[in-house]
Amino acid sequence: MDEFERLLKKYERLDKDGRPLREEHEEEITYAAEGEQEEFVRIPKDRVAVVIGKKGQTKREIERRTKTKIEIDSETGEVFIAATKETDDPLAVWKARDVVMAIGRGFSPERAFRLFNEGEVLEVVNLTDVVIGNDKNALPRVRGRIIGRKGRTREIIEEMSGADVSVYGKTVAIIGNPIQVEVAKTAIEKLAKGSPHGVVYKYLERRKKDLELESMSYYEALGEEVEKNEEE
């Protein structure tokens, strides 16, 4: 029997479900080898120092929590994130990317670290996609409407939705569970399109009554899904 026939016989051995039987000496294949999972993101150069942190503390903390390797080009704002031999979470690289993006969009590291919690997501709204018209003063005006006097409107959105909000440049970044994010995003888009503050506050007040119950159901379902995956 030549080598080809030997290999063919090996892969013809099937289990009861029709899958090839693995040899005992075959190693279990992990989801990713070192460097196989990589992500690239570019952040504003004036936020690079915040991502790095004092003496590199913030960068190291992201790497520690996700077991990834992060390289930052301070001149361009380019950030490269890769899995390592220690990476054991298949979502680790994406979690690290989102935390970096959140800091890049104006969040403090402490608030961006909320994304390490199970079920929390990041959404970035580009105001130029929402603002109607070509008025060069439209964007500053819209930013002002979302932030409010002494930041009060932004605070109300956060209080009512449960999400964290950061207004930076031409974007508004939102962190929370998907339900919270959707409510905050709707409120922000309403303000950007010219809805009166009173109308938006009433919308937030109306949605707040359901948010707690919906969020509770979301986290319960998420917990059940995590337990199911762990059992498998």
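This is a predicted model: local features need pLDDT of at least 70, side-chain atom pairs count only at pLDDT 80 or more; totals for chains, interfaces and linings use all residues.
**Helix 7 with helix 8**
- Helix 7 covers residues 152–161 and helix 8 covers residues 178–192; they pack at about 150 degrees, and their axes sit 9 Å apart.
- Since angles over 145 degrees count as roughly antiparallel, that makes helix 7 roughly antiparallel to helix 8.
- On the helix 7 side, the contact uses Thr153, Ile157 and Ser161, while helix 8 brings in Gln180, Val183, Ala184, Ile188 and Leu191.
- Sorted by class, that contact of helix 7 with helix 8 comes out as five nonpolar, three polar and no charged residues.

**Helix 3 with helix 4**
- Here residues 57–66 make up helix 3 and residues 92–104 make up helix 4, with a packing angle of about 155 degrees and axes 9 Å apart.
- That angle makes helix 3 roughly antiparallel to helix 4.
- Thr58, Ile62 and Thr66 are what helix 3 puts into the contact, and they meet Ala92, Lys95, Ala96, Val99, Val100 and Ile103 of helix 4.
- The class tally for helix 3 with helix 4 is six nonpolar, two polar and one charged.
- Which class does Lys95 fall into? Lys counts as charged, and Lys95 belongs to the helix 4 side of this contact.

Conventions
Residues are numbered from 1 along each chain as its sequence is written. Side-chain values use heavy atoms; hydrogens and water are left out. Axes are lines fitted to C-alpha atoms, for helices over the stretch in contact, and angles run from 0 to 180 degrees between N-to-C directions. Helices (H or I, at least four residues) and strands (E, at least two) are DSSP runs, numbered from the N terminus. Angles under 35 degrees count as roughly parallel, over 145 as roughly antiparallel, 65 to 115 as roughly perpendicular and the rest as oblique. Contact means heavy atoms within 4.5 Å.
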